[in-house]
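Here are my notes on the charged side-chain pairs. Please read them alongside the model.

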Amino acid sequence: IKAGSVNWGQLFAVQPFGNRIQRVELTGAELLAVLEEQFTEARTNILQISGLTVHLDLTKPLGSRVVSVTTADGAPLDPKKTYKVAANAFLADGRHGYPKLKVARNREDIGDDLTALVDYLRANGAKVPTAASGRIVIDKGALPTDMH
């Protein structure tokens with residue numbers, strides 16, 4: 001896509017599902033369990049995250065591939081602390097291989113995904129960072145070649 005302005009129709013074309021966004025609360029231990037759910041014997045399905053840096057060792061056995069998680073301020077994820085997490089309702093309801101998200105508490109609908117994108121672009125002068133931010137770091141191993 002060329003640099004320049006975008007219209008609502010173009011944004012809808014890349015985000016047409018009308019997913020509701022839920023803000024939920026999870027402890028650090030629960031969040032770590034959700035992050036481990038990215039890897040099963042049947043599939044690898046990497047969550048697209050923000051506000052965290054997750055280091056992975058894909059050579060480790062299932063259930064122990066997340067080797068460290070830090071928050072945006074660089075602090076390690078505290079297993080006992082409660083964190084607010086946003087996810088689309090489909091994932092927050094435990095679907096698509098994330099049943100541990102169903103334990104989340106204090107669910108709050110905060111709008112739909114397309115409106116959130118439009119609001120983000122308006123608030124940031126339509127400037128979207130294009131550089132990789134290092135939120136997901138693979139320290140060892142590799143993702144399956146059929147990942148896209």
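1. Asp-93 and Arg-107 form a salt bridge, with their closest N and O atoms 4.0 Å apart. The term means a side-chain nitrogen of Lys or Arg within 4 Å of a carboxyl oxygen of Asp or Glu. Asp-93 sits in the loop between helix 3 (89–92) and strand 5, and Arg-107 in strand 5, so the pair ties together parts 14 residues apart in sequence. Helices (H or I, at least four residues) and strands (E, at least two) are DSSP runs, numbered from the N terminus.

2. This is a predicted model: local features need pLDDT of at least 70, side-chain atom pairs count only at pLDDT 80 or more, and totals for chains, interfaces and linings use all residues. Residues are numbered from 1 along each chain as its sequence is written, and side-chain values use heavy atoms, leaving out hydrogens and water.

3. Asp-93 is partly exposed, at 34% relative accessible area. Arg-107 is partly exposed too, at 33%. Here buried means under 20%, exposed over 50%, and partly exposed in between (1.4 Å probe, protein chains only).

4. Glu-30 pairs with Arg-105 in a salt bridge, closest N and O atoms 2.8 Å apart. Glu-30 lies in helix 2 (residues 28–36) and Arg-105 in strand 5, 75 residues apart. Arg-105 is partly exposed at 33%.

5. The structure holds 5 salt bridges. One of them joins Glu-108 and Arg-23 (3.1 Å, N to O). Glu-108 is in strand 5 (residues 105–112) and Arg-23 in strand 1 (residues 20–27), so this pair ties together parts 85 residues apart in sequence. Glu-108 is partly exposed at 38%; Arg-23 is partly exposed at 32%.
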